[in-house]
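Please have the sequence and the 3D view open side by side. We will walk through them in steps.

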Amino acid sequence: MKPKLLVARPIFQSVVDALSTHFEVTSNQVDAAWTPDSWKLAISQHDAALTTGSDPINGNVLGASPRLKIAANMAVGFNNFDVPAMTALGVIASNTPDVLTETTADFGFALLMATARRLTESEHYLRAGHWKQWRYDMFAGAEVHGSTLGILGMGRIGQGIARRGAHGFGMKVIYHNRSQLNSVTEAECKARFVDKETLLKAADHLVLVLPYSAESHHTIGAAEIAKMKPTATLINIARGGIVDDAALAVALEKKQIAAAGLDVFEGEPALNPALLKVPNVVLTPHIASSTIQTRMAMAKLAADNLIEFFAKGQALTPLNQVTVPSK
Ligand code: 8YV
């Protein structure tokens, strides 16, 4: 008897087909919306789940799912998982690190550039037929090359953004992180560790790449924005909830900072409506890792975590170690 696997959201059909040789697969290829109850019921009927960042595996779901052995997230972030609860109940958690690092760093830089140089705002102006003649100050933006790049959260993706800024654009890179990087990595990234206060005050472009947790909730709110330069931009490719979106919308409206670029939102896919009213923000729907190659690599790694776990008892990129007797 093959173990029963739930694939929570549509993924590449070739990956579903490959999984079907190992599992009895139920795949939500039609992308039917889950309700909290239908999700809980579906998980309770499966031995394994392939989830995305919006599918919760928490105490409530786990309590109803004694047969669940592993949830493999197709994401590097895993704030949709309650890992301690999973560990306590003997459920393996895995994510997809590394395979999305460079693509996500590319996107972070693209969003920085688009924000600094007012790409979407000027395109909307053009599409609306407002462009009548050249003007010396038309959509004048912020300089990128040679400016100061601030990075909050200096993991793999943060380091990728630092390397792009330092080596490609001659930017001065400063960063803040829970712990300082070793000197070899700092030299590779040409990055200097500073305290959070200095980061906020000195950055011309501040990129957020830190994981979401209760501690990082609203890391950037009104008080932090008030410390930034009025010419600065703020880029969030980390998670919704790290920025207080309501406070940011007010700050953008008052031009307390020049602009923001946001790929993630509090309560996404819903957006704070105030963000839609301010012109100086570039908005994208959580697509930082979205290239076909990278999404395929993420799907395959999530699938391989499941296959390896059932074949060898060990996931490839686990987030926890389970010591309670195996189910
Ligand atoms: C995912 C992400 O596409 O990996 C992450 O943490 O935010 C994105 O790459 C998204 O979470 C869907 O799983």
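What follows covers the model, its domains, their interface and the ligand site.

This is a predicted model, in which local features need pLDDT of at least 70 and side-chain atom pairs count only at pLDDT 80 or more, while totals for chains, interfaces and linings use all residues. Residues are numbered from 1 along each chain as its sequence is written, and side-chain values use heavy atoms, with hydrogens and water left out.

Start with the domains. Domain 1 takes in 4-98 + 292-312, and domain 2 covers 101-283. These bounds come from an automatic or database domain assignment. The centres of the two domains, taken over C-alpha atoms, are 31 Å apart. Six residues of domain 1 and five residues of domain 2 make the contact (heavy atoms within 4.5 Å).

Now the interface. Domain 1 and domain 2 bury about 550 Å² between them, with 41% of it on carbon and sulfur atoms. Buried area is the accessible area (1.4 Å probe) that two parts lose on being put together, summed over both. On the domain 1 side, Asn79, Asp98 and Thr294 lose the most area to domain 2, together 72% of what that side buries. One salt bridge is found across the interface. The term needs a side-chain nitrogen of Lys or Arg within 4 Å of a carboxyl oxygen of Asp or Glu. Asp98 and Arg156 pair in a salt bridge through their side chains, at 3.3 Å from N to O.

Turn to the ligand. Its surroundings include Thr52, Gly53, Leu100, Arg239 and Ser289 (a residue is near if one of its heavy atoms lies within 4 Å). His286 has a side-chain N or O atom 2.7 Å from an oxygen atom of the ligand. Met74 places a backbone N or O atom 2.9 Å from a ligand oxygen. For Arg295, a polar side-chain atom lies 3.2 Å from a ligand oxygen. The protein covers 83% of the 330 Å² of accessible area that the ligand has on its own (Shrake-Rupley method, 1.4 Å probe).

Methods:
A polar contact is a pair of N or O atoms within 3.5 Å; within protein, one must be able to donate a hydrogen and the other to accept it, and residues adjacent in sequence count only if both atoms are side-chain atoms.
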